[in-house]
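Subject: Handing over the two-chain model

Hi,

Here is the structure I promised you. Please have a look at it first, and then read on for what I found.

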Amino acid sequence: MTQPTPPPKRTAKEKIGTPRPPMREQPPLERARNFLEVPFGYGPEQAMVEAERCLACGKPHCMEGCPVGNDIPTFLRQIAEGNFAGAARTMKETNLLPAICGRVCPQETQCEALCVIGKRGEPIAIGRLERFIGDWERESGAVEVPECAAPTGRKVAIIGSGPAGLTCAADVARAGHRVVVYEALQKPGGVLRYGIPEFRLPKAIIDAELTLLERMGVEIRCNEVIGMTDTIDELLVEEGYDAVFVATGAGLPWFLGIPGENALGVYSANEFLTRTNLMGAWRFPEYDTPVQRLNVVATIGGGNVAMDAARTALRLGAERSLIVYRRGLDELPARAEEVHHAQEEGVEFHLLTNPVEILSDARTGWVQALRCQRMELGEPDASGRRRPSPVPDSEFDLALGTVIIAIGNAPNPLIPRTTPDLDVSRKGQIVVDQESMKSSKRGVFAGGDIVRGAATVILAMGDGRRAAASINEYLESGKW
Amino acid sequence: MPRILRTELLAPRIRRYVVAAPKIARKRRAGQFVLVSPHPHGERIPLTISDADPDEGSITLIVQEAGKTTAEMALLEAGDELTDVVGPLGQPTHIVRLGHVVGVAGGIGIAPLYPILEAMQQAGNKVSVILGARSVEYLILEKEVRALGVDLTLCTDDGSRGRKGFVTEALGEMMASGQAIHQVVAIGPAIMMKFVCEVTRPQAIPTIVSLNPIMVDGTGMCGGCRVQVGNEAKFACVDGPEFDGHLVDFDLLMRRQAMYREQERQAMERFAAKDHTCQLEGV
């Protein structure tokens, strides 16, 4: 690969005044009918020009916004110099999954929100550059396997192969411990695999990052449901693990509790996305698992998962895909970029709209309509968002064929149920010390959504890192 | 990948598979199930564990051809591998000494019922079994059930073996005979379980049913297997598969089981269009 020429140096004023290069994307109406990735990513020249805009602040605030503590200024400088291999190495010090984080992290509220340039102009496109480095390393075949310390003879079980589990696995393996990751589903990746759709995170990227973990000696065992196939106690006592990290995610979907919710054609977002992404229903009948493909699909909820479901429905052939959300546009919890993409693709937003009943055909049991009421916003509630309240006599029906419920998840009960001495909160989340990620049970750590409830990929990864540091320390000192 | 150790045709389109799954064989308890997929593009289907041999490290599954996945499984033989065998899943049957327990099975329902009968008997219950099938050739596991030494009544729709008629009639007569029945465990097609529950409802005999809705992950993650039990929607995979039959909305269950009928038809047609006849047949 030829070394690209670094861009000319610019003054601070020029840097601040220059906007970030746009990232090319598939045209909205074209991409809404295929599963290919939406943005194409920066090329080397664009990446170098953008990275060169970094002011190299003495006190880099961007790093404070990163849950895994990426050394952002160093990797930006290396990109600007055209030293992509060096940038990849810097990144991998703290984050083994840059191609994933570059795509799914909410950078606009983390590192980029704290970028000094953002006060006067557009903040450095840190996320896009992170993605660039991850992709460059993978595509150039220059992937370096991080060095692992000499084997310690210690063994760590990681339950769940989502972002928290994989991050923890990498850091524990580097310390020389043997790592086995248990996954309940047939393929590893957790929410990255079953939840986030192909058009937002191509599965080939997950496969590549998993290969790297395996090259580090991490073993991944699919189709093993801890809590059922083995319990935590059996792992610790019979299987001889020295520590266990529980990262099973938030795997028990909430339903609304409104009449008609068991009608045919009503899905949880988890089911709809799992059928489509993990089970391959978007390629039915080549894959055996089906998913309903109806003309009008309503997704209830306003988070990233709701956007993923609504955009997936379009790609499965829906003529109309609706988001039904009880608050307003400003209150949508989804990333602005996801909302923007969904709008561009033609997803209709029915805001300040609260579903009260699902109506179905009395003979067939199939969904026919969603009965909704209009809402208005009042004073801010505990979450800081304005509290919605119903407008009297405002009920109306939306005619449709599929309803997807995307209002979040409760923690999965399988491990708490079979681990009696593990403290869980009233909501069913595993209780841990926020710094060490230690649970109430000796040798057992936990992180990600099983501890937090529904959060983000990067917060789960942050938990995985902290847990790994704590596990490594525990295995060395033996102190709980 | 889990290997099939033995297969046996028990009745037309009903096969027994003995599958190597040492951990599951050790852990499983009566009433639990596994999710099985025969190949990487396959659908994962729930199958109740019918028996297990911890020494051999194997579990027994009894499968009736009903759709594409089970039709594909029918082509497998000893030595072939299944892609996924996950479990044991679900809550085990609550086994206690109650007195007189009556097991009622329709068709291959006897396969999941068998380990429950065994466990109920070991717990000190008197166990009676009413086993029904369309006709004598579809009656399976009769020998195994007899070997338990339980009181066995056979029914066939056409009278080709045992009494002519449905299991509900035999159960009604048993109730009318005045013998105490402390619990009924009914497993079979949803419609049969529904009618068994109607028979036991007037006398309020506790009736346990094992439900088989469509599942995806089997761990509570998707909620596709939800069933209405009284006022609550329950997930059959983690809350069940067994529930109080008097509270189950069977009509909803049957509708939800048929949710993908059109896709199932498409998949079967596509499958049937390929030539699956054995090259050795007729040689």
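A question to start with: in which sense do strand 14 and strand 15 of chain B pair, parallel or antiparallel, and over how many bridges? They pair in the antiparallel sense, with 4 bridges between residues 226-229 of strand 14 and residues 232-235 of strand 15. Strands here are DSSP runs (E, at least two residues), helices are runs of H or I with at least four residues, and both are numbered from the N terminus; two strands pair if DSSP finds at least two bridges between them. In this pair, B:Val227 stands opposite B:Lys234. The two strands make a hairpin with 2 residues between them, and B:Gly230 in the turn has a positive phi of about 60 degrees.

Before the rest, two notes on conventions. This is a predicted model, in which local features need pLDDT of at least 70 and side-chain atom pairs count only at pLDDT 80 or more, while totals for chains, interfaces and linings use all residues. Residues are numbered from 1 along each chain as its sequence is written, chains are lettered from A and ligands numbered from 1 in the order in which they are written, and side-chain values use heavy atoms, with hydrogens and water left out.

Chain B: sheet and domains

Chain B also has an open sheet of 7 strands with mixed pairing, in the order 11-10-9-8-12-13-16. Strand 11 (163-164) and strand 16 (242-244) are at the edges with a single partner strand each, so one side of each has no neighbour in the sheet. Within the sheet, strand 8 (residues 100-106) and strand 12 (residues 183-187) of chain B pair in the parallel sense over 5 bridges, and B:Val104 stands opposite B:Ala186 of strand 12.

The domain assignment (bounds come from an automatic or database assignment) divides chain B into domain 1 (4-89) and domain 2 (100-210). In contact (heavy atoms within 4.5 Å) are 14 residues from domain 1 and 12 residues from domain 2 of chain B. The buried area (accessible area, 1.4 Å probe, that two parts lose on being put together, summed over both) is about 1100 Å² for these two domains, and carbon and sulfur atoms give 66% of it. On the domain 1 side, B:Pro12, B:Ser50 and B:Ile62 lose the most area, together 33% of what that side buries.

Between these two domains of chain B the count is 1 salt bridge (a side-chain nitrogen of Lys or Arg within 4 Å of a carboxyl oxygen of Asp or Glu). The side chains of B:Glu144 and B:Arg16 meet in a salt bridge at 3.3 Å, N to O. Strand 1 (4-11), strand 2 (14-20) and strand 6 (58-64) of chain B each supply at least two residues of the domain 1 side.

Chain A: domains 1 and 3

Chain A is assigned domain 1 (12-140), domain 2 (155-251 + 409-477) and domain 3 (255-405). The centres of domain 1 and domain 3 of chain A, over C-alpha atoms, are separated by 32 Å, and 15 residues of domain 1 are in contact with 15 residues of domain 3. These two domains bury about 1200 Å² between them, 49% of it on carbon and sulfur atoms. The count between them is 3 salt bridges. A:Arg335 and A:Glu108 also meet through their side chains in a salt bridge of 2.9 Å, N to O. Helix 2 (28-31) and helix 7 (98-104) of chain A each supply at least two residues of the domain 1 side, and helix 2 gives the most, with 3 residues.

Where the chains meet

The contact between the chains takes 47 residues from chain A and 44 residues from chain B. Together the chains bury about 3800 Å², 52% of it on carbon and sulfur atoms. A:Met228, A:Asn262 and A:Asp288 supply 19% of the area that chain A buries against chain B, more than any other three residues. The count between the chains is 6 salt bridges, and the side chains of B:Lys23 and A:Asp230 meet in a salt bridge at 2.6 Å, N to O.

Best wishes
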